[in-house]
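Thanks for coming, everyone. I have one structure to walk through today, and I will keep it brisk. Please have a look at the display first.

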Amino acid sequence: MSSKESRLRQAIKAVAVFEALKGLAALLGLLGLLSLLHHDLHRLVVELIGHFGLSPDSRYPHIVVNAVDKLIGTPTHAIVLLGCTYIAIRWVEAWGLWHDKAWGEWFGALSSGIYIPLEVRHIMIDRHWQGVAVLALNVALMLVLLWRIRDRKRSHAAAPSGTVVNRS
């Protein structure tokens, strides 16, 4: 394995770890949310915002309060289903990338790329550095995975005929 291939493989493993951590964060968030379902979430969020000395009517705290209010009206089974689906997607992608599977690279490129139009739209509506950072990270992840897909195709094309190539 060349130095370039080794660096690319390390980058793919880093993406796998990042995706697994996103799945873990989603699992912890889902469990935390489920543990709070029998409480007055609106009151808890307003108290938490006040604890930090912020006004619930200021920009970001208001966004959080509105999100919690929307969440309160969402059926629990829908929250669990969406959360578990997201977690499964992140962990399946991480497993495929960690184990150098071609389908994992495609899956990762698609799952990163699917958010890009939504992130661009969000930036057009609400211009903030955080949105730009998320967009840049997703584009970088997608480019690393597409680079690996391209290299994998080139190595398959360059393999002598009759050679068995791992197409996992």
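Let's start with Asp151. Asp151 sits in helix H7. Keep in mind that this is a predicted model. Is Asp151 buried or exposed? Asp151 counts as buried, because its relative accessibility is 12% and the cut-off for buried is under 20%. What does Asp151 touch, once residues up to four places away in sequence are set aside? The answer is Lys4 and Leu8.

Now stay in helix H7, which covers residues 129-158. Look at Arg148. Arg148 is buried, with a relative accessible area of 16%. The side chain of Arg148 meets that of Asp100 in a salt bridge, at 3.2 Å from N to O. That pair links distant parts of the chain. Arg148 is in H7, while Asp100 is in the loop between H4 and helix H5, 48 residues apart. Asp100 is partly exposed, with a relative accessible area of 24%.

Arg148 has another partner. Glu105 forms a salt bridge with Arg148, and the closest N and O atoms are 3.3 Å apart. Again, the pair links distant parts of the chain: Glu105 belongs to helix H5, Arg148 to helix H7, and 43 residues separate them. Both of these residues, Glu105 and Arg148, are buried. Which residues do shared partners join into one network? They are Arg9, Asp100, Glu105, Arg148 and Arg152, joined by salt bridges.

How many salt bridges does a search of the whole structure find? The count is 11. The side chains of Arg90 and Glu93 meet in a salt bridge, at 2.6 Å from N to O. Both residues lie in helix H4, residues 76-98. Arg90 and Glu93 are 3 residues apart, which is about one turn of the helix. Why does Glu93 count as buried? Glu93 counts as buried because its relative accessibility is 0%. Arg90 is buried too, with a relative accessible area of 2%.

Still in helix H4, look at Val80. Val80 counts as partly exposed, at 28% relative accessibility. Leaving aside neighbours within four places in sequence, Val80 is in contact with Leu30 and Leu34.

Next, a loop residue. Where is Pro56 found? Pro56 is in the loop between helix H2, residues 41-51, and helix H3, residues 59-72. Pro56 counts as partly exposed, with 28% relative accessibility. Not counting residues up to four places away in sequence, Pro56 touches Val46, Ile49, Pro61 and His62. Pro56 and Asn66 are 10 residues apart in sequence. In space, the C-alpha atoms of Pro56 and Asn66 are 9.9 Å apart.

Let's step back to the whole chain. The protein chain has 7 helices and 0 strands. Read from the N terminus on, the elements run α-α-α-α-α-α-α.

What about overall dimensions? The C-alpha atoms fill a box of roughly 65 × 35 × 25 Å, taken along the principal axes. The radius of gyration of the chain is 21 Å, whereas a compact globule of 168 residues would have one near 15 Å.

Now burial and surface. Buried residues make up 27% of the 168 residues. The chain exposes about 11100 Å², and carbon and sulfur atoms supply 70% of that area.

Contacts next. Take contacts between residues at least 6 apart in sequence. Of these, 66% join residues at least 24 apart.

Last, charge. The chain has 18 positive and 12 negative charges.

Notes: Residues are numbered from 1 along each chain as its sequence is written. This is a predicted model: local features need pLDDT of at least 70, side-chain atom pairs count only at pLDDT 80 or more; totals for chains, interfaces and linings use all residues. Side-chain values use heavy atoms; hydrogens and water are left out. A salt bridge is a side-chain nitrogen of Lys or Arg within 4 Å of a carboxyl oxygen of Asp or Glu. Helices (H or I, at least four residues) and strands (E, at least two) are DSSP runs, numbered from the N terminus. Buried means under 20% relative accessible area, exposed over 50%, partly exposed in between (1.4 Å probe, protein chains only). The radius of gyration is taken over C-alpha atoms; the globule rule is 2.2 Å times the number of residues to the power 0.38. Contact means heavy atoms within 4.5 Å. Accessible areas come from the Shrake-Rupley method with a 1.4 Å probe; for residues, only the protein chains shown count as cover. Lys and Arg count as positive and Asp and Glu as negative; His and the chain ends are not counted. The place of a charge is taken as NZ of Lys, CZ of Arg, CG of Asp or CD of Glu.
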